Amino acid sequence: MRPVIRVSGVRKTYGRTVAVDEVSLEVSEGEIFGLIGPNGAGKTTTMECIEGLRRPDRGTISVLGLDPHREVYKLQDRIGVQLQQAQLQKRIKVWEAVDLWASLYQKRAIDAEHLLQQLGLTDKRNAWFMNLSGGQKQRLFIALALINDPELVFLDELTTGLDPQSRRAIWDLVRGIRDRGKTVFLTTHLMEEAERLCDRVAIIEHGRIIDIDSPDRLVDRHCPERTVALTTEDPMVAERFRAIPRVDAVICNEKRITIRGRGDDLVTEVIDCLSENRIRVTDFRTILPNLEDVFLKLTGHSIRE
Amino acid sequence: MILRGLWKLTWIEIKIFLREPLGAFGTIGFPVLVFLAWGRVASRRLAPSSLAASSFIRVDLPVFASLLIAVSAVLSLVTIISIYREGGILKRLRATPLRPQTILTAQVLVKLTLTAATLALMILAGKRYYPAGVHVRLFSFTMALLISTWSILSIGFLIASIVPTARFAQPIGAMILYPMIAVSGLFVPVESLPPGLHAVARVLPLTYAVPLLQGIWNGDAWLAHLGDVAALIVIFVVCAALSAKVFRWE
């Protein structure tokens with residue numbers, strides 16, 4: 001896969017505040033790439049430097065082979081952008097916004113009515129922007145980001161402030177964008193969103209990127225711990241589990257037993273141990289670490305703090 | 001491509017402007033109302049035949065009302081720009097292939113259209129104060145007003161750069177713009193102002209707009225007012241260059 005975004009050694013300061021420092025990353029064609037981190041970590045600044053809306057103090061950026069600062073209009077013709085907390089004119093109608101945006105690009109715009117229909121906005125086409133719900137506004141902004149059939153789409157904090165149902169609907173939309181062969185670059189502070197949506201993520205904090213990889217591999221690398229929780233009447237099991245090589249701890253709480261250990265084989269070994277000793281269990285579950293745990297491990301605090 | 005975006009943006013902005021009843025009334029209705037009210041008072045209080053009355057109604061009142069039209073349009077520009085900036089609308093428009101100049105040009109075109117429409121309304125409403133014999137070259141006068149408005153709009157962009165939030169745009173804009181009318185030479189000759197004010201008045205566009213409008217209304221040739229037009233253009237160029245430096249998009 002050829003890289004569509006190349007960022008290397010980018011630094012951006014506002015006065016004495018360093019917003020982004022030594023950020024380097026590459027995004028390949030056709031993937032959903034997520035920049036994740038808490039509010040104020042430098043996500044939006046990084047994204048806006050890549051979009052050509054801000055000029056980094058240092059470092060180089062190449063997007064679709066273009067310099068986003070010198071060739072900003074050429075670039076903006078080929079990308080789609082959704083900005084965090086953007087507004088439109090209060091009394092602009094949905095169809096007018098889409099029609100205006102369609103007129104701004106060199107390339108023939110895609111069928112606006114079809115796009116509105118895909119985003120479930122057809123019956124709102126004559127509504128004023130100010131009278132749309134949060135989810136409808138977000139869907140309109142996605143429509144505006146897609147109107148020029150862009151090769152690369154930027155989505156900044158796409159689902160912030162939306163209810164879970166609208167959030168899921170928008171995730172499906174974003175997957176649909178990727179499935180049509182486009183590249184998506186998004187920022188989020190929602191770990192669940194990153195886990196469910198992104199092919200690869202970069203974890204950013206205090207303007208620096210801590211690690212980049214697929215969510216699964218990040219979890220494997222930083223949180224190899226596995227936990228198995230089971231319920232059994234057998235009073236002797238704890239000792240048998242402690243004999244398994246990679247088990248670190250076995251905690252008994254009446255009939256509930258929690259086994260902590262490392263490595264993918266842990267679960268298999270616990271199951272083998274159960275069947276060899278013919279132990280009867282009434283409940284069995286594995287608890288896998290997630291990106292939230294990775295973030296906690298890497299930064300020492302939860303992303304919500 | 002750029003032109004298509006410009007026309008579309010201008011047309012949408014005009015429609016949006018008319019959809020906001022209060023804003024539209026304030027900007028269009030206010031100058032017309034002032035014109036009608038003063039015209040009425042003046043034609044009653046002063047004997048219709050007196051020289052003072054006829055000179056006031058014939059020249060000063062239409063020029064004053066025209067300046068109000070221009071200033072209202074500029075005030076409306078300041079307010080809209082600050083609201084658009086605060087709401088991230090300017091930033092959203094910039095994240096497209098639209099050039100920044102195109103976005104601002106559309107706003108200028110909206111205000112010039114508005115100025116011309118308000119002037120037309122005022123002339124229709126004020127017809128009864130002007131006997132059939134009075135002959136004003138309306139096309140020339142409209143052009144003079146549009147040039148004046150265009151020049152004052154550049155100050156509007158400067159004001160829009162300094163107002164901290166949208167909430168302050170209206171009061172700060174009014175505090176800067178309306179006093180400009182007072183020192184424009186319409187009520188007191190500029191030469192008789194105290195030296196400090198005189199110097200200020202010399203760099204304000206209204207000081208050149210007033211003689212231009214008065215002259216064209218009275219039937220002067222454009223040639224007689226080339227100096228005023230040149231001054232208005234210079235002020236525009238200087239203010240536009242300045243605001244290009246200090247204008248904030250977000």
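Helix H9 of chain B is followed by B:Gly219, whose phi is positive, near 100°; helices (H or I, at least four residues) and strands (E, at least two) are DSSP runs, numbered from the N terminus. The model is predicted, so that local features need pLDDT of at least 70 and side-chain atom pairs count only at pLDDT 80 or more, whereas totals for chains, interfaces and linings use all residues. Residues are numbered from 1 along each chain as its sequence is written, and chains are lettered from A and ligands numbered from 1 in the order in which they are written.

H9(B) covers residues 205–218, and its 14 residues reach 20 Å from first to last C-alpha, close to the 20 Å expected at 1.5 Å a residue, the expected span being 1.5 Å times one less than the number of residues. Of these 14 residues, 13 are buried, a residue being buried if 20 or more other C-beta atoms, placed from the backbone, lie within 10 Å of its own.

Chain B as a whole contains 10 helices and zero strands, and 41% of its 250 residues count as buried. The C-alpha trace of chain B spans about 60 × 40 × 35 Å along its principal axes.

In chain A, A:Leu146 lies in helix H5 (residues 134–146) and counts as buried because it has 24 C-beta neighbours inside 10 Å. Leaving aside residues up to four places away in sequence, A:Leu146 touches A:Gly80, A:Leu115 and A:Val153, where contact requires C-beta atoms, placed from the backbone, within 7 Å.

How values were computed
Buried ≥ 20, exposed ≤ 12 C-beta atoms within 10 Å, placed from the backbone. Contact = placed C-beta atoms within 7 Å.
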